[in-house]
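Please look through this entry with me.

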Amino acid sequence: MELNNKVAIVTGASGGIGREIVVQLAQRGVSIALAGRNRERLSNLQAELEPYGNKTIIVVGDLTKEEARQALVRQAEKILGPVELLINNAGGQQMALFQDMTEDSIDELFQTNLLAPIQLARLIIPTMVERRAGRLVNIGSAFGSLGFAGYTTYSASKFALKGFSEALRRELTGSGVGVTYIAPRGTKTALNSDALYNISKKLGFNFDAPEEVAEQIVKAIEEEKNELFIGFPEKLFARINGLFPGLVDSGTAKQTELIKEFLTKK
Ligand SMILES: NC(=O)c1ccc[n+]([C@@H]2O[C@H](COP(=O)([O-])OP(=O)(O)OC[C@H]3O[C@@H](n4cnc5c(N)ncnc54)[C@H](OP(=O)(O)O)[C@@H]3O)[C@@H](O)[C@H]2O)c1
C-alpha cells in the first residue's frame, strides 16, 4: 500500500506504540485522525507532527462508547476525507489471577480490546469496499496465539481479535480491501507495570522498543501483509503451541509458577 496522501485513523495514538506508528505515518505523508482519551497527550503529539506538514486532527473519546466511535469516524471523514487505513491499536491489559477479576473489569477489557475494534471496523469497512480500497490493521499480541497464566482475559481478547481478522480477511478476498493482524511480543510501554519489568528477566519475557515495533507495523502495511508476528522465539512458540499445546504447558510451567507467585504477592 502506497501511504503518501492516504487518510488514516489511529486509535490509542496517545499510547506507547500508537505514538510511534503516528510519527512514522506522518513521515510518509499520511493525514491522520489521532484518537485517544487524553487530550493533552494527543495535542502534544499533534504539535510534534507540525514539521511534517500533514493534515491531522485529534478526536478525544472513550472508544468503548458507541457515540465516541461514531464521532471519530464522522470527524475523520468530514475533515480528512474517506478513511483508507484504520489502525485498531488502542488496548488495555488485565494482568491478574482470574479468580481476582471482577465482572466490570472483564467487561471493560473485552469492550476495549475486542468489541471497540470490531465496531469501528463495521463503521468503516463498507466505505472501503464501495471504493474498492483500504486496509484494516488490528494490533493483537503474542498472547493472542499462546494463552498465558496471569493473562487469561487478555489472551482471550487477542485470540478473538486474531480470529476476527482472519475471517474478515477471507470474507473480503477480491474486494480490494485488506486486513492485517499484528502480534507484537512484549513492548516497553506504560501498558506493563514497573513491577513486571523488574521480574521480566526471571520470567524470560523479552521487550522491544515501541519505535522498532512501529517500524515493523508500518512496513507490514506497506507490504500488505496478512499477518505479522514480531520477535523470536515468541513467533516460534506461537506455532508450536498451535500444534503441540501440551509441550508448551510443560515448557512454561516454571514461568506459570513465578507469575502466580508474583500476582499473589501483589
Ligand atoms: N506493550 C506491550 O507489551 C504490548 C505487547 C503486545 C501487544 N500490545 C498491544 O499494542 C497496543 C498498544 O499498546 P501500548 O503498549 O502502546 O499501550 P499503552 O501505551 O498503554 O497505550 C494504550 C492506548 O490505548 C488507548 N486506550 C485504552 N483504552 C481506551 C479506550 N477505552 N478508548 C480510547 N482509547 C483507549 C490509551 O488511551 P489513553 O491515553 O486515553 O489511556 C492509549 O493511547 C494494544 O492493543 C496492546 O494490547 C502491547
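The numbered points below describe a predicted model.

1. Start with the whole chain. The protein has ten helices and seven strands. The radius of gyration is 18 Å, close to the 18 Å that the globule rule gives for 266 residues, so the protein is as compact as a globular protein of that length. The C-alpha trace spans about 50 × 40 × 35 Å along its principal axes.

2. Next, packing. Of the 266 residues, 40% count as buried. Take the contacts between residues at least 6 apart in sequence: 68% of them join residues at least 24 apart.

3. Now the sheet. Seven strands form an open sheet with parallel pairing. Read across it, and the order is β3-β2-β1-β4-β5-β6-β7. The edge strands are β3 (56–60) and β7 (227–229), and each pairs on one side only. From one strand to the next, the twist averages 15°.

4. Look at one strand pair in detail. Strand β1 (residues 7–11) and strand β2 (residues 31–36) run parallel, joined by five bridges. I9 stands opposite A33 in β2.

5. Helix α5 (residues 152–171) lies across β5 (134–139) and β6 (177–183). Helix α5 runs at about 155° to β6.

6. Finally, the ligand. Which residues are closest to the ligand? They are G12, G15, R37, G91 and T189, out of 28 residues that surround it. The shell divides into seven nonpolar, 18 polar and three charged residues. Helix α1 (residues 16–27) gives the largest share of the shell, three residues.

Definitions and conventions
Residues are numbered from 1 along each chain as its sequence is written. This is a predicted model: local features need pLDDT of at least 70, side-chain atom pairs count only at pLDDT 80 or more; totals for chains, interfaces and linings use all residues. A residue is near a molecule or strand if its C-beta atom, placed from the backbone, lies within 6 Å of it. Helices (H or I, at least four residues) and strands (E, at least two) are DSSP runs, numbered from the N terminus. Ala, Val, Leu, Ile, Met, Phe, Trp, Tyr, Cys and Pro count as nonpolar, Asp, Glu, Lys and Arg as charged, and the others, Gly among them, as polar. The radius of gyration is taken over C-alpha atoms; the globule rule is 2.2 Å times the number of residues to the power 0.38. A residue is buried if 20 or more other C-beta atoms lie within 10 Å of its own, exposed if 12 or fewer, and partly exposed in between; C-beta atoms are placed from the backbone. Two residues are in contact if their C-beta atoms, placed from the backbone, lie within 7 Å. Two strands pair if DSSP finds at least two bridges between them. Axes are lines fitted to C-alpha atoms, for helices over the stretch in contact, and angles run from 0 to 180 degrees between N-to-C directions.
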